[in-house]
Amino acid sequence: MHSHLTVMGLGYSARALVQRLRHREGWSMSGTTRSADRRLELLVECPDVRIWPDEDLRGLFRKTTHLLVSTPPGEAGDPVLVALHRQLLEECRRLEWIGYLSTTAVYGDHKGAWVDENTPPAPGTRRGELRLKAEGNWTEFARVADVRLCVFRLAGIYGPGRGPVEQVRRGRKFRIVKPGQVFNRIHVADIASALLAAIFDADAEGIFNVCDDLPERPDKVISHAAKLLSVDEPPAIPFEDAELSPMARSFYAESKRVRNDRIKKTLGLQLQYPTYRSGFRSLL
């Protein structure tokens with residue numbers, strides 16, 4: 001039977017999945033963006049790109065079998081459900097799978113201790129609180145619609161054109177040192193692999209931490225990127241002295257090590273880039 005993937009929010013990670021699926025037999029796909037200029041760029045990768053919320057998506061939802069939600073949450077909850085809850089229930093008669101891209105920020109600060117999918121969420125930032133609220137929105141929707149739901153809690157995302165290697169390439173001015181601060185990362189290719197594995201495993205549902213095997217201090221990661229690029233490492237400055245945006249500062253507010261056993265055991269996933277070191281080498 002023909003399958004159709006609809007992506008709400010064709011961002012960096014979602015596009016990696018589209019690239020994997022677009023040439024697969026029996027699949028078609030659509031996605032959304034908020035910008036007309038962005039739409040023209042995305043049409044190279046995705047054959048059907050709608051400008052949302054400007055365009056009506058009813059015809060699109062009628063053929064959707066798989067829905068990936070990659071939009072940032074709002075104060076009122078997940079914006080897709082806030083705007084389209086009734087429409088999704090009425091129109092998505094063929095829907096069999098929902099994937100929601102969340103973040104490991106929902107766990108909050110654990111002062112460097114290990115967490116897994118059974119760890120109770122305790123977000124310490126507004127960003128984490130809103131993601132947890134959106135997770136709850138989709139969990140309730142999936143229950144009412146009787147649809148399989150996979151929530152992917154993503155670690156720090158990097159890959160071609162994004163992350164520490166790219167930052168150092170562009171002349172990053174400093175590296176921030178905050179004693180005891182550590183977190184995981186994940187290559188965008190491994191995110192796409194996790195999403196594919198969950199789509200094609202009819203028993204896969206629930207929460208999945210999508211992260212690498214090696215949590216590390218961010219200043220050490222920047223130093224490693226500089227070494228690979230054969231450039232001087234950016235000078236170190238204390239976290240307290242760094243001028244950061246509220247979003248950037250929120251990433252440094254929490255320290256934890258995240259386990260990824262479930263994507264390996266349940267989805268059978270073997271990470272292509274199990275550490276940032278192997279992932280960074282691939283970017284050279």
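P179 sits in the loop that links β9 (175-177) to β10 (185-187), with strands being DSSP runs of E of at least two residues and helices runs of H or I of at least four, numbered from the N terminus. The model is a predicted one, so local features need pLDDT of at least 70 and side-chain atom pairs pLDDT 80 or more, while totals for chains, interfaces and linings use all residues. Numbering runs from 1 along each chain as its sequence is written, and side-chain values use heavy atoms, leaving out hydrogens and water.

P179 has 73% relative accessibility and so counts as exposed (over 50%; buried is under 20%, partly exposed in between, with a 1.4 Å probe and protein chains only). Its C-alpha atom is 11 Å from that of Y252, 73 residues away along the chain.

Turning to the helices, the axes of α1 (residues 12-21) and α7 (residues 188-200) come within 9 Å and cross at roughly 60 degrees; axes here are lines fitted to C-alpha atoms over the stretch in contact, with angles from 0 to 180 degrees between N-to-C directions.

Then there are the aromatics: seven pairs turn up, counting Phe, Tyr and Trp rings (for Trp, the six-membered one) with centres within 6.5 Å, and calling planes under 30 degrees apart stacked, over 60 edge-to-face and the rest tilted. W27 and F200 make an edge-to-face pair, 5.8 Å centre to centre with 75 degrees between the planes. Because W27 belongs to strand β2 (residues 27-33) and F200 to helix α7, the pair ties together parts 173 residues apart in sequence. W27 is buried at 12% relative accessibility, whereas F200 is partly exposed at 45%.
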